[in-house]
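Open the model in your viewer and keep the selection tool at hand. We will go stop by stop.

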Amino acid sequence: MTIVPILSTLAGSATALLPIVATEPIVPPFGLMMLLAWRLLRPEIWPVWVALPLGLADDLISGHYLGTVMILWTIAFLSLEWVDQALRWRDSWIEWGVASLGIVTIGIGSWALSQPGGSHTSVLTVLPQTIGAILLFPAILRITAALDNWRLKR
């Protein structure tokens, strides 16, 4: 029962291996989106430290500098713990807003940590990827809910 969230998050991270040729990042970070969806849907199934090994796997799969996603996902999990304490109730709009804020923050953080010295790449290069991820998040949340229902029926 606990392997389904992990495997679905790793499958989301593995979408970075799809043969899509682009000059700028356009494919949304499906691993991050699955991670946020599981964390918002079922906060009790994962402790905060699980972001480290899942981030390591995403770093290795997607080719980020080692530790980039690990630290950003851990900060996201710590922030979500704070949000859980601050908000007593949430609806779908609040979850979408929280996830959107996380996607934007992690996108900008990933861009900032992956810049080689002396690079002058604009942060706007991650804009299409970020907008796509924000718009696709409700669909990812529904897929996650369907996986959770299937997981609980077994």
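**Stop one: two helices**

Start with α1 and α3: α1 passes α3 in a right-handed crossing. This is a predicted model, so treat each stop as a prediction. To find the pair, select residues 3-14 for helix α1 and residues 51-62 for helix α3. Their axes lie 9 Å apart, and the packing angle is about 25 degrees. Are these helices roughly parallel or roughly antiparallel? Angles under 35 degrees count as roughly parallel, so α1 and α3 are roughly parallel to each other.

**Stop two: a nonpolar patch**

Now switch to the surface view. Select Val 104, Ile 108, Val 123, Leu 124, Leu 127, Ile 131 and Leu 135. Together they form a nonpolar patch on the surface.

Which helix gives the most to the nonpolar patch? It is α6, with three residues. Colour α5 (92-113) and α6 (127-153) to see this, as each supplies at least two residues of the patch.

Zoom in on Val 104, which is found in helix α5. Its relative accessible area is 31%. Val 104 therefore counts as partly exposed, since that class runs between the 20% limit for buried and the 50% limit for exposed.

**Stop three: salt bridges**

Show the side chains next. How many salt bridges are there? The count comes to seven. Here are some of them.

Select Arg 42 and Glu 44. Their side chains meet in a salt bridge, at 3.7 Å from N to O. Glu 44 is exposed, with a relative accessible area of 57%. Arg 42 is partly exposed, at 25%.

Move on to Arg 90 and Glu 95. This pair also meets in a salt bridge, at 3.5 Å from N to O. Arg 90 is partly exposed, with 25% relative accessibility. Glu 95 has a relative accessible area of 14%. Buried means under 20%, so Glu 95 is buried.

**Last stop: inside α6**

Go back to helix α6 and pick Asp 148 and Arg 151. They form a salt bridge, with the closest N and O atoms 2.7 Å apart. The two residues sit three residues apart along the helix, about one turn. Are they buried or exposed? Both Asp 148 and Arg 151 are buried.

How values were computed. Residues numbered from 1 in each chain as written. Predicted model: local features only at pLDDT ≥ 70, side-chain atom pairs only at ≥ 80, totals over all residues. Heavy atoms only, no water. Patch = residues over 30% accessible without salt bridge, like charges linked within 9 Å, V, L, I, M, F, W, Y side chains within 5 Å. Areas by Shrake-Rupley, 256 points an atom, 1.4 Å probe, with all protein chains shown as cover. Salt bridge = Lys/Arg side-chain N within 4 Å of Asp/Glu carboxyl O. Helix = DSSP H or I, 4+ residues; strand = E, 2+ residues; numbered from the N terminus. Buried < 20%, exposed > 50% of the residue type's maximum accessible area, 1.4 Å probe, protein only. Axes fitted to C-alpha atoms, helices over the stretch in contact; angles between N-to-C directions. Parallel < 35°, antiparallel > 145°, perpendicular 65-115°, else oblique. Left-handed = near helix turned anticlockwise from the far one by under 90°.
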